Amino acid sequence: MKLRTVVRDCLFLNWALPVEGLPEPPAPLRYQRHAWQGRDHVFASALLFHHDAVRWSAFPLLRVGYPQLNVRLYVLDDDGVPSVLFQRELMPAWVAPGVRLVSHHPAASARLDFPRPSREAGAGSWSWRAERGGTLTVRAWVHSPAFGEGPRLGSWDETVRYFQERPRGYAVQGGALHRVEASHPPVEGVWPLAAEVVGGDSLLRRLLPFAPGLQSPPHPPPPHPSHPTLPAPQDGDGHLPALHSSWLCPEMPFSFVFDLVPRVHPVVQRLPHPAAGRISSPALLGESPQPAAPALAQGAQGVQGAPGLQEVEGVQRVQPGRQMPARRVQGAELAAGAGVLASAA
C-alpha cells in the first residue's frame with residue numbers, strides 16, 4: 001500500500017534523561033548514550049503535529065488529516081543505524097483502532113487541541129493541549145537558537161539533524177518488535193522556539209518510562225558562548241529535567257510504501273551494553289551512519305534556510321506478527337497508514 005502525507009506544524013520537545021532511570025530497550029536495540037556531568041544520558045522527545053492530506057495511491061482524490069502526539073526514545077539498532085523507539089502514539093479515537101490493526105504501533109485515542117503556527121505567524125505564542133487520563137499543556141514562542149539542560153550535540157543545525165535524521169523506527173506490540181523504514185527530503189525553514197510545560201504535565205509523565213527521583217542535577221551547565229540558554233521554567237512540576245531544546249517544523253512531506261505482511265522480531269530483554277551505545281559530543285562524531293537500503297540514500301542532509309520542499313519517494317516497511325485477512329485490513333488502512341510516519345517526523 002502506497003501512501004503520501006504532509007506533516008505540518010510539528011513541535012519538537014527534547015529532554016536528556018539519565019540512563020539509569022530508563023528500562024532496558026528491547027533487543028537488539030540499545031540506547032544512544034551521551035556523557036554529561038559524569039552520567040550517561042539518553043534523549044527523549046515528544047512530537048506534536050498534524051497529519052495533513054493523507055492520500056492513498058488507489059484513491060488519489062480522497063484525503064484525510066488529524067493531529068498526533070508521539071513520544072520516543074533515541075536508540076541504535078543492531079546495524080548501528082540511528083533509530084527511534086516509540087513509547088506511545090496519541091491520536092483521535094476514529095483513527096487509533098485502524099493504526100493499531102494495520103501498523104501494530106502503540107496507538108491510543110486522546111483529545112488533542114493543537115495550533116497551526118505556520119498560519120498564525122504573527123502570534124506572540126501558541127499553546128498545545130492533550131488529554132488522556134491526564135493533561136499536557138505546552139506554550140511556545142519564537143526564540144533564538146538555544147540549548148537548555150543536557151549534553152551538547154554540536155551546533156544548532158547538527159542538533160536538529162540528530163533528532164530528525166532517523167531512517168528507522170521501532171515499536172513493541174503483541175510481544176514483538178516491529179520496524180518502520182522511512183525517508184523524507186531535507187527539512188528546511190525550522191523555527192527555533194522556547195517552550196514550557198504549563199498547567200500540568202501528568203500526561204507526559206505517564207508516557208515517558210522515566211523513574212521518579214532520578215532527574216539530572218538541578219543546576220544547568222554554564223551557557224555555551226555561541227548559544228544562549230533557554231528561559232526557565234521548563235519542567236512542569238519538577239519530575240522531568242528542563243527541556244534540552246525545542247523547535248517547530250512548518251512542513252515535512254512524505255511518500256512511503258506500507259507492507260501488509262512483513263516479518264517480526266521477538267522481543268527479548270537482555271543485559272545492558274555498558275559502552276556500545278555511548279557517543280560523546282558532538283553526538284555522531286562526524287560519522288554518518290550507513291543507510292539501511294538504497295531507498296534511504298536520499299535522507300535529509302541538514303537544516304537549510306532555502307524556501308520550498310520537494311516530495312521524495314521513500315520506503316517504509318512495517319513488520320507485524322502475522323498475515324491479516326484483506327477484508328479486515330482494507331477498511332482501516334487508509335486512516336491508519338499515516339500513523340507509521342511518526343518515525344520520520
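1. A polar contact is a pair of N or O atoms within 3.5 Å; within protein, one atom must be able to donate a hydrogen and the other to accept it, and residues adjacent in sequence count only if both atoms are side-chain atoms. In this structure, the side chains of Glu 89 and His 105 make such a contact, at 2.7 Å.

2. The structure is a predicted model, in which local features need pLDDT of at least 70 and side-chain atom pairs count only at pLDDT 80 or more, while totals for chains, interfaces and linings use all residues. Residues are numbered from 1 along each chain as its sequence is written, and side-chain values use heavy atoms, with hydrogens and water left out.

3. Glu 89 belongs to strand 6 (residues 82–91). Helices (H or I, at least four residues) and strands (E, at least two) are DSSP runs, numbered from the N terminus. Glu 89 is buried, with a relative accessible area of 0%; buried means under 20% relative accessible area, exposed over 50%, and partly exposed in between (1.4 Å probe, protein chains only). Between Glu 89 and Ala 108 there are 6.2 Å in space, C-alpha to C-alpha, although the two are 19 residues apart in sequence.

4. Helix 1 (residues 96–103) is largely enclosed by the rest of the structure, because six of its eight residues are buried. The buried residues in this helix are Ala 96, Gly 98, Val 99, Leu 101, Val 102 and Ser 103. Just after helix 1, His 104 has a positive phi of about 60°.

5. Strand 13 (residues 191–197) has six of its seven residues buried, so this strand too is largely enclosed by the rest of the structure. Strand 10 (residues 135–142) runs antiparallel to strand 13, and five bridges join them; two strands pair if DSSP finds at least two bridges between them. Within this pairing, Val 138 stands opposite Val 197 of strand 13.

6. Some backbone angles deserve a separate remark. Most residues other than glycine have a negative phi, and most peptide bonds are trans. Asp 9 has a positive phi, near 50°; Asp 9 is in strand 1 and is buried, at a relative accessible area of 0%. Gln 37 also has a positive phi, near 50°. Gln 37 lies in the loop between strand 3 (33–36) and strand 4 (39–56), where its relative accessibility of 38% makes it partly exposed.

7. The peptide bond joining Ala 27 and Pro 28 is cis, with omega about 5°. Pro 28 lies in the loop that separates strand 1 (2–18) from strand 2 (30–31).
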